[in-house]
Amino acid sequence: MDNYQIAEHFSLLSKLMDIHGENSFKARSYGAAAFNIEKLPMQLSEVPHEELFSIKGIGESTGKKIIELLETGELQALKDIIQKTPPGVIEMLNIKGLGPKKIATVWKEMEIETIGELLYACDENRLKLYKGFGDKTQQNVKEAIEFYQQNQGSHLYAQVEAVVPDIKNYLGKLFGSDKVRLTGAFRRQMETIDELEFIISETNENIKPKFQTAFPPELIEETKEYIIYKLKNGLKLKLYSGKEGTGEKLFRLSASDVFVDAFIKAFPKINFADGKSADDEYIFKQAKIQYIPPYLRETASIIEKAKTNSLPEVIQPNDIKGIIHSHSTWSDGSHSLEQMATAAKEKGLEYLVISDHSKTAAYANGLKEDRIKAQHEEIEKLNEKLKPFKIFKSIESDILNDGKLDYSDNILSTFDLVIASVHSNLKMTEEKAMMRLLTAIENPHTTILGHMTGRLLLSRKGYPVNYEKIFEACIKNKVVIELNAHPSRLDIDWRYIEAAINNGLLISIDPDAHAIEGFDDCKYGVLVAQKAGVTKEKNLSSFSLAEFEAYLKTVKN
DNA sequence: GCCGTTTTCGGCCCGACTGTTTTCAGTCG
């Protein structure tokens, strides 16, 4: 069991204790333990048991519980409290704006035990009758539930990716690997996935019995064309049946509807069903156009580009030359500056932009002015040691409520570059969001605009922005827009990137790494950047060290 | 439950914001 899973156990235990009204300090220490465990630089499973107790925030009780988890994979105290709590009440923890205290009121006083009932209570205006609840809370809860329900059953690309090899192998063993084709949203590299889709060159009658005897998942839906199963983790597995020559099916399922319609219209004479090919390349050959990879099969306009042989040469994972946007133990990262830099160097990268949180982000141990100087001294020493690798002095400066950054010009000018991001007060009208963002973009110290909408895929909508105006302001002020590569963010959305780069904007695929492992998230940024047709020339983190330094000189005032 | 230039008991907490209050609890990043 890894630290993340251990932390999840303690976090849930803490929240459930709060819901049950147990001693809040006790609950808090389990919560703090979860917080600390998640940030540890080493895996608890590799720490000798007796040494667990000397870790900050881990005392006798927590230490013993960690050992219990490592040895049995379970936590009795958590199992007990879960047993005393209706599942729907636990599920309410997923609703943004509802914390343990409010959930306790919902459950104990309103006697509501499911999210469905809660939504109904909002519709009936019953929530606002209770202490601590009012009109706005009721409205917010209603919207948060609707957002949650819309995203139910949907998964992040990275979560699905983790299980794809096993499922593919398994299907290969059942049906023969040459008869199994991955398709759908996953093949298109979509950022969220509702169903994992495969085409199997078999009839339904043959698929079903094999699947059910081998591994009986829940059967959700069955038609002549496909069968949908639900896996243990909630992911839907959709198996299309097909005979020889599944190429046409593969083509249709690995593209947006808009693309397929436009394609058929553009090439009405093509014989889509050649009856032989398992791949879909022959369709492009027949059309006598460039092969369009599935990740680009989104819009009609891409077909025109393929006709003239002018598909973009999209960025690849190994085109990332440096890590831009990362955190160390100076703020809320798990690894020290030296560990982060050494790891980046060992991965063959040329530079690391260390951008710890700024002073307003107190929850993340953001850097007050005096600590900035100390950090810069450490960076200079490390740069001597790690040459020619280079650490850049940066900061992820909070965009305050009025759009200002949270340091003086004097302090801001000591950084090599500044990433400006919103971390507080995320609920905004478009007007307010635009005022804050535009003010930050116009700040002469801002180099990169970090995660520009603040969205968290499947859990939080971003604030509303006018993309065009932001692009315009960024171009005018020489500000780069981040493509935050964390699989939960992927913010800016790839759908807006093409327009941006056509106007001359640079993007930067940044992992926002809080630990060494976070560097690998760059890949997810690259996958969605490919969808937007981004070439390496349009991505700042693909610049070599020399190019990156030269770029900074051109934008520094 | 955790912790200790308040060290074995008694106090713990990061700070802003929101929405609810009419001085502050709850939530969030």
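# Close-up views of a predicted model

**View 1. His 325 sits in strand E8.** Strands here are DSSP runs of at least two residues (E), helices are runs of at least four (H or I), and both are numbered from the N terminus. This is a predicted model: local features need pLDDT of at least 70, side-chain atom pairs count only at pLDDT 80 or more, and totals for chains, interfaces and linings use all residues. Residues are numbered from 1 along each chain as its sequence is written, while chains are lettered from A and ligands numbered from 1 in the order in which they are written. Look at the backbone of His 325. Its phi is near 80°, a positive value in a residue other than glycine. Most residues other than glycine have a negative phi. Is His 325 buried or exposed? His 325 counts as buried because it has 27 C-beta neighbours inside 10 Å. (Buried means 20 or more other C-beta atoms within 10 Å, exposed means 12 or fewer, and partly exposed lies in between; C-beta atoms are placed from the backbone.)

**View 2. Asn 309 also has a positive phi, of about 60°.** Asn 309 is not a glycine. Find this residue in the loop that runs between helix H16 (301-307) and strand E8 (322-326). Asn 309 is exposed, because 8 other C-beta atoms lie within 10 Å.

**View 3. Lys 387 and Pro 388 are joined by a cis peptide bond.** Omega is about 0° here. Most peptide bonds are trans. Where is Pro 388? Pro 388 belongs to the loop between helix H18 (369-386) and strand E10 (390-398).

**View 4. Another cis peptide bond links Asp 491 to Ile 492.** Its omega is about 25°. Ile 492 is part of the loop between strand E13 (480-484) and helix H22 (497-502).

**View 5. Helix H1 packs against helix H5.** H1 covers residues 3-19 and H5 covers residues 76-83. Their angle is about 40°, and their axes are 10 Å apart. (Axes are lines fitted to C-alpha atoms, for helices over the stretch in contact; angles run from 0 to 180 degrees between N-to-C directions.) The angle therefore makes H1 oblique to H5. (Under 35 degrees is roughly parallel, over 145 roughly antiparallel, 65 to 115 roughly perpendicular, and the rest oblique.) The crossing of the pair is left-handed. (In such a crossing the near helix is turned anticlockwise from the far one by less than a right angle; clockwise gives right-handed.) Which residues of H1 make the contact? H1 brings His 9, Leu 12, Leu 13, Leu 16 and Met 17. H5 brings Ala 77, Leu 78, Ile 81 and Ile 82. (Contact means C-beta atoms, placed from the backbone, within 7 Å.) By class, this contact has 8 nonpolar residues, 1 polar and no charged. (Ala, Val, Leu, Ile, Met, Phe, Trp, Tyr, Cys and Pro count as nonpolar; Asp, Glu, Lys and Arg as charged; the others, Gly among them, as polar.)

**View 6. Helix H8 crosses helix H9.** H8 spans residues 115-123, and H9 spans residues 135-150. The two pack at about 140°, with axes 9 Å apart. They are therefore oblique to each other. The crossing is left-handed. From H8, the contact uses Ile 115, Leu 118, Leu 119 and Cys 122. From H9, it uses Gln 138, Val 141, Lys 142 and Ile 145. These residues split into 6 nonpolar, 1 polar and 1 charged.

**View 7. Leu 118 lies in helix H8.** Leu 118 is buried because it has 26 C-beta neighbours inside 10 Å. What does Leu 118 contact, leaving aside neighbours within four places in sequence? Its partners are Met 92, Val 106, Ile 112 and Ile 145. Now trace the chain to Ser 326. Leu 118 and Ser 326 are 208 residues apart in sequence and 40 Å apart in space, C-alpha to C-alpha.

**View 8. Leu 171 belongs to helix H10 (residues 157-175).** Leu 171 counts as buried because 23 C-beta neighbours lie inside 10 Å. Not counting residues up to four places away in sequence, Leu 171 touches Val 180, Phe 198 and Ile 200. Arg 181 is 10 residues from Leu 171 in sequence, and 9.6 Å away in space, C-alpha to C-alpha.

**View 9. DNA strand B is surrounded by 34 residues.** (Near means a C-beta atom, placed from the backbone, within 6 Å of the strand or molecule.) The closest are Gly 59, Gly 99, Lys 102, Gly 134 and Tyr 363. Helices H2 (24-38), H4 (60-72), H7 (100-109) and H9 each give two or more residues to this surface. Which element gives the largest share? H9 does, with 4 residues. By class, the surface near DNA strand B has 8 nonpolar, 15 polar and 11 charged residues.

Methods
Left-handed = near helix turned anticlockwise from the far one by under 90°. Contact = placed C-beta atoms within 7 Å.
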